[in-house]
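Dear colleague,

Please find below the sequence and structure for your files.

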Amino acid sequence: QVQLVESGGGLVQAGGSKRLSCTASGRTFGNLIMGWFRQAPGKERDFVAAISWSGASTNYVDSVKGRFTISRDNAKNTVYLQMNSLKPEDTAVYYCAARQGPFRNTAYGVDDFRYWGRGTQVTVSS
């Protein structure tokens, strides 16, 4: 079993920044591909970003490229999502997720990830 806990959500003004954190426990963090998804009201839960075991490879949805950065610190069993230049359309519940298996450069779906956090709300005001 893997347990994931997100933190760092909240209210931020458009153009501002937020950093989300996700801590993992229950198994070796370095063996897991980590990802972030988000779900806006009335919409499906969509892929945002993923990072490989080593942190050398990352994968982002087009709408956040150049604004969001995913990173990980395996010594702390933690993955981060640094969000800059936030827009109102970024408002969503953000979920941390983990999976075993190979990394890929195409978009992930929710079924690709086995373990999930409870989510944290990010609200961007205009």
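This is a predicted model: local features need pLDDT of at least 70, side-chain atom pairs count only at pLDDT 80 or more; totals for chains, interfaces and linings use all residues.

Residues are numbered from 1 along each chain as its sequence is written, and side-chain values use heavy atoms, with hydrogens and water left out.

Strands here are DSSP runs (E, at least two residues), numbered from the N terminus. Strand 1 covers residues 3-7. In a regular strand the side chains alternate between the two faces of the sheet. In strand 1, Leu 4 and Glu 6 make up the covered face, whereas Gln 3, Val 5 and Ser 7 make up the uncovered one. Two strands are said to pair if DSSP finds at least two bridges between them. Strand 1 pairs with strand 3 (residues 18-25) in the antiparallel sense, over five bridges. Glu 6 has Cys 22 of strand 3 as its bridge partner.

Cys 22 also takes part in a disulfide with Cys 96, the sulfur atoms being 2.1 Å apart; a disulfide is a pair of cysteine sulfur atoms within 2.5 Å. The structure holds one disulfide. The link of Cys 22 and Cys 96 is left-handed, with -80° about the S-S bond. Because Cys 22 lies in strand 3 and Cys 96 in strand 9 (residues 92-99), the pair ties together parts that are 74 residues apart in sequence. Cys 22 and Cys 96 are both buried, where buried means under 20% relative accessible area, exposed means over 50%, and partly exposed means in between (1.4 Å probe, protein chains only).

The nonpolar cores

A nonpolar core is a set of buried Ala, Val, Leu, Ile, Met, Phe, Trp, Tyr and Cys residues joined through side-chain atoms within 4.5 Å. The largest has 28 residues, of which Leu 4, Met 34, Trp 36, Leu 81 and Tyr 94 touch the most other members. At least two residues of this core come from each of strand 3, strand 4, strand 5 (46-51), strand 7 (68-73), strand 8 (78-83), strand 9 and strand 11 (120-125). Strand 9 gives the most, with four residues. Another core, of seven residues, lies apart from it and includes Ala 50, Ala 97, Tyr 108 and Phe 113.

Strand 5 and its neighbours

Five of the six residues of strand 5 are buried, so this strand is largely enclosed by the rest of the structure. Strand 4 and strand 5 run antiparallel and are joined by five bridges, with Phe 37 opposite Phe 47 of strand 5. The hairpin of these strands has six residues between them, and Gly 42 in this hairpin takes a positive phi near 75°. Strand 5 also pairs with strand 6 (residues 58-60) in the antiparallel sense, over three bridges. Ile 51 has Thr 58 of strand 6 as its bridge partner. In the hairpin of strand 5 and strand 6, which likewise has six residues between the strands, Gly 55 takes a positive phi near 85°.

Aromatic rings

Rings of Phe, Tyr and Trp (its six-membered ring) pair if their centres lie within 6.5 Å; planes under 30 degrees apart count as stacked, over 60 as edge-to-face and the rest as tilted. There are eight aromatic pairs in the structure. The ring centres of Phe 37 and Phe 47 are 5.6 Å apart and their planes stand at 75°, so this pair is edge-to-face. Both Phe 37 and Phe 47 are buried.

Single residues

Arg 38, in strand 4 (residues 33-39), counts as buried because its relative accessibility is 14%. Its side chain makes a polar contact with that of Ser 63 at 3.5 Å; such a contact is a pair of N or O atoms within 3.5 Å, and within protein one must be able to donate a hydrogen and the other to accept it, while residues adjacent in sequence count only if both atoms are side-chain atoms.

Most residues other than glycine have a negative phi. Asn 77, in the loop between strand 7 and strand 8, has a positive phi of about 55°. Ser 85, in the loop between strand 8 and strand 9, has a positive phi of about 50°.

With kind regards
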